[in-house]
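Here is a quick tour of how one chain sits against its two partners, and of what is packed inside. Keep the structure open as you read.

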Amino acid sequence: MNEIVQKVRAQEPLIHNLTNAVVMNFSANGLLAFGASPIMANAKEDAADVAKLSNGVLINIGTLTEAQLEAMIEAGKAANEAGIPVVIDPVGVAATNFRTEAFQRIVEQVHPDVIKGNAGELAHLVGIELETKGVDAVGEGNSQEIAGKVAVHFQTIAVLTGKVDTVSDGKQTLTNETGHALLSKVTGAGCLLGSIITACLSVEGENLEKAYAAVKYYGMAAAYAASQSGVNGPGTFLPQFLDALTMEPDTLEKGLM
Amino acid sequence: MNEIVQKVRAQEPLIHNLTNAVVMNFSANGLLAFGASPIMANAKEDAADVAKLSNGVLINIGTLTEAQLEAMIEAGKAANEAGIPVVIDPVGVAATNFRTEAFQRIVEQVHPDVIKGNAGELAHLVGIELETKGVDAVGEGNSQEIAGKVAVHFQTIAVLTGKVDTVSDGKQTLTNETGHALLSKVTGAGCLLGSIITACLSVEGENLEKAYAAVKYYGMAAAYAASQSGVNGPGTFLPQFLDALTMEPDTLEKGLM
Amino acid sequence: MNEIVQKVRAQEPLIHNLTNAVVMNFSANGLLAFGASPIMANAKEDAADVAKLSNGVLINIGTLTEAQLEAMIEAGKAANEAGIPVVIDPVGVAATNFRTEAFQRIVEQVHPDVIKGNAGELAHLVGIELETKGVDAVGEGNSQEIAGKVAVHFQTIAVLTGKVDTVSDGKQTLTNETGHALLSKVTGAGCLLGSIITACLSVEGENLEKAYAAVKYYGMAAAYAASQSGVNGPGTFLPQFLDALTMEPDTLEKGLM
């Protein structure tokens, strides 16, 4: 993990985020803190051009509109053609027909290197129905089975987030237990993780390992931030979390001992 | 008030926010802190589906576009049909013809359980002209008269915010003096209150009482946050305010004694 | 500078921001902290009406769409006609044809009182090609030459931001060295400066002097915030920076001695 985080910071990859309107600011600040460089272009007129300039493309359907969907597909196709990694976060995909169909339209035209979501979202993608509440999963089901099926079906790396995170390429499955409950009280915590995974994918290495490094580092940063003095809730957690995303893995680890 | 806040926290209602782009992140974080679950869907393709899944719908016209207006009407109609509470925040309704007419189009098709605004906005809705500056009121006029007229005219609960907040169902009028001047230095403070009122409306009880509880609690949280050490302005106030929104009414009250 | 900042605070100008979706919340909070009053209306239906109500219009193309571009042109033309200052921030203008052409469409119809950008953006406007990375400049080139050419070509004040900021009316060129490295780790730091410049332009005085005052004050606030105890990165910097934007120039200066 250490090496992957170092590479990101050395290369400062430009990450094109086609993401939801709720989290744009937080995702941009989180990427900057982590050592990447965010860019966001949601117009179909230039989403593909920006994708070609970038080192990674994140597609997050959290506040999808038809216009943004077109831009996402243009950007994703351009990234696929140029060999630039693409991460899809199917936020609320099970919640409405519009989102379910939009996801299908995207994956028919864009190959994702990683699909990241919670248990309810990923389960829905492979026909397993779990209870959901809005865009949030209720319970985690059989995470390893779900992640494995998503990885095989979409020929991708599946990242299933929850109390325990599961990362799978369909053959190998890794689990991660870093993290902190305050993350679930911060809007866009999952969305920013999608951006951080995209940043990690942009450097050399195996996708499974890079996705796992992102998830592990992210959870460590959350735990470190939550342990800082003065943190009494989600509001005081947020500034510390952005600071933690700038830190070396070693620093986070020592701070948690 | 205590009981209403407890119920929200026990039920974690899903609140669908069709709100302005400036405050989406703050509103989502504020709802999470308060114990509700935010969702935002502004596409006409799925705004109604999300409304049906939700426990309350907030409509805030602060950065209205024609496309969002259609989504708001779809979501509001679906909520009315399903008996889900609807709150309308007519931000800047007096500022432009587009907003004035948009509000009319909404209330012709959607019945609001609460209309929340400042004195200038609410006065405009019932033909009383007050001086306004952009989206902000200048002075508060005769708040009780204005709130009462709005409540009667729209058969709703009127929440008029200001130094003193006025909550009226047209017969009974309650006033609230909790709050803090720093709230007026934070963008979206009024908008998030609209979301918090929507969360409170989603639990059992009388609408007048629930709206009043939201307003009173919100002001107490602001005063508590402002009293924390290290708060020297709007920037340091914000993290403390989100933390305060997680707290028990009793804790806030004791902290203010 | 002192006098200009005082005038803004006395007049609380209403600043209409047609800006990118990433920074709307931060720009609004920053303007409020500084003593101005933000408003944002991106619909072509009311962007011009809001511009006429305002004391200054900021146009920032950071997440441009065709619909927003129309609103920007309407707002800019209305402001020009009414003698209200207009600032253009051509974010990423060199990155895509869509943005390059959009900027041309704007300046064919709207006269900017200030054009603010980084070296790569401003260089592009006058046919000097510098290396850029996404929306960020790599190096600063010959800032004084670039700023001077922009000022002459567009008959405007050019504000070129970087480690050293350059402000030019084509005849006179001022440089500013206030600032702090953490600003470059905060998304929208440049965008908010555009809004603060717009606020300063709205009061009486020479445009060159007012733009320079905004840039100098802004950098002082950043340096002051970075020097506060508890600031260890971009996350803990942000609340202190918003607080610093409320302060008197003298307070900032003393705090930095």
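## Ground rules

Contact here means heavy atoms within 4.5 Å. This is a predicted model, where local features need pLDDT of at least 70 and side-chain atom pairs count only at pLDDT 80 or more, while totals for chains, interfaces and linings use all residues. Residues are numbered from 1 along each chain as its sequence is written, chains are lettered from A and ligands numbered from 1 in the order in which they are written, and side-chain values use heavy atoms, with hydrogens and water left out.

## Chain C against chain A

On this side, 29 residues of chain C touch 25 residues of chain A. Together they bury about 2,100 Å², with 60% coming from carbon and sulfur atoms. (Buried area is the accessible area, 1.4 Å probe, that two parts lose on being put together, summed over both.)

There is 1 salt bridge across this interface, counted when a side-chain nitrogen of Lys or Arg is within 4 Å of a carboxyl oxygen of Asp or Glu. Arg99(C) pairs with Asp46(A), their closest N and O atoms 2.9 Å apart. Helix 5 (97-109) and helix 10 of chain C are the elements giving two or more residues to this side, and helix 10 has the largest share, 5 residues. (Helices are DSSP runs of H or I, at least four residues, and strands are runs of E, at least two, numbered from the N terminus.)

## Chain C against chain B

Over here, 24 residues of chain C meet 29 residues of chain B. The two chains bury about 2,000 Å², 61% of it on carbon and sulfur. Asn25(C), Leu32(C) and Asp243(C) supply 23% of what chain C buries against chain B, more than any other three residues.

Which residues form the salt bridge here? Asp46(C) and Arg99(B) do, at 3.0 Å from N to O. Helix 2 (24-34), strand 2 (37-39), helix 3 (47-53) and helix 10 (234-244) of chain C each supply at least two residues to this side. Helix 2 gives the largest share, 6 residues.

## Inside the assembly

A nonpolar core is a set of buried (under 20% relative accessible area, 1.4 Å probe, protein chains only) Ala, Val, Leu, Ile, Met, Phe, Trp, Tyr and Cys residues joined through side-chain atoms within 4.5 Å. The largest one has 147 residues, and Phe241(A), Phe241(B) and Phe241(C) have the most contacts inside it. Beyond its neighbours within four places in sequence, Phe241(A) touches residues including Phe26(A), Leu183(A) and Tyr218(A).

Methods:
Buried means under 20% relative accessible area, exposed over 50%, partly exposed in between (1.4 Å probe, protein chains only).
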